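Visitor: I would like to learn how to read a few features of a model. Where do we begin?

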Amino acid sequence: MLWRWQGDGPTTWHFLTLPADMAVEIRLRTMGRRRGFGSVRVEAEVGGSRWQTSIFPDSKRDSFILPVKASVRKSEGIGDGDTVSVGLSLIGQ
């Protein structure tokens with residue numbers, strides 16, 4: 001499900017929390033090879049939109065979160081609370 005995080009001030013980010021089974025596989029495949037803040041480089045796909053970004057570990061949800069750019073949300077017609085299917089490929093793993 002797509003959700004919004006409101007930072008201090010006007011900064012707003014939108015994220016998808018990855019399913020638990022996907023998070024487990026990512027952890028296993030990236031042990032010892034993660035970047036700053038535990039991030040992992042990925043290519044993401046939602047509908048017809050594809051982009052490169054990083055996913056970040058989220059200890060509250062025991063998973064990873066994927067930031068979803070405004071241009072993707074707009075072109076795919078998705079918003080807060082929408083259930084979204086996502087495809088991921090690890091980059092450089």
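Guide: Begin with burial: buried means under 20% relative accessible area, exposed over 50%, partly exposed in between (1.4 Å probe, protein chains only). Helices (H or I, at least four residues) and strands (E, at least two) are DSSP runs, numbered from the N terminus. This is a predicted model: local features need pLDDT of at least 70, side-chain atom pairs pLDDT 80 or more, while totals for chains, interfaces and linings use all residues. Residues are numbered from 1 along each chain as its sequence is written, and side-chain values use heavy atoms, without hydrogens or water.

Visitor: Which residues of helix α1 are buried?

Guide: In α1 (residues 20-30) they are Ala 23, Ile 26 and Thr 30. They line one face of the helix, because they fall within an arc of 65° seen down the axis, taken from the directions from the axis to the C-beta atoms. Ala 20, Asp 21 and Leu 28, on the other side, are exposed.

Visitor: What do the buried residues of α1 pack against?

Guide: Contact means heavy atoms within 4.5 Å. The buried residues pack against β3 (40-46), β4 (49-58), β5 and β6 (87-90).

Visitor: In which sense do β1 and β2 pair?

Guide: Two strands pair if DSSP finds at least two bridges between them. β1 (residues 2-6) and β2 (residues 12-17) are antiparallel, over five bridges. Leu 2 has Leu 16 as its bridge partner. The two strands form a hairpin with five residues between them, and Gly 9 in the turn has a positive phi of about 80°.

Visitor: Which residue of β5 stands opposite Leu 16?

Guide: Leu 66 does. β2 and β5 (residues 63-67) pair antiparallel over three bridges.
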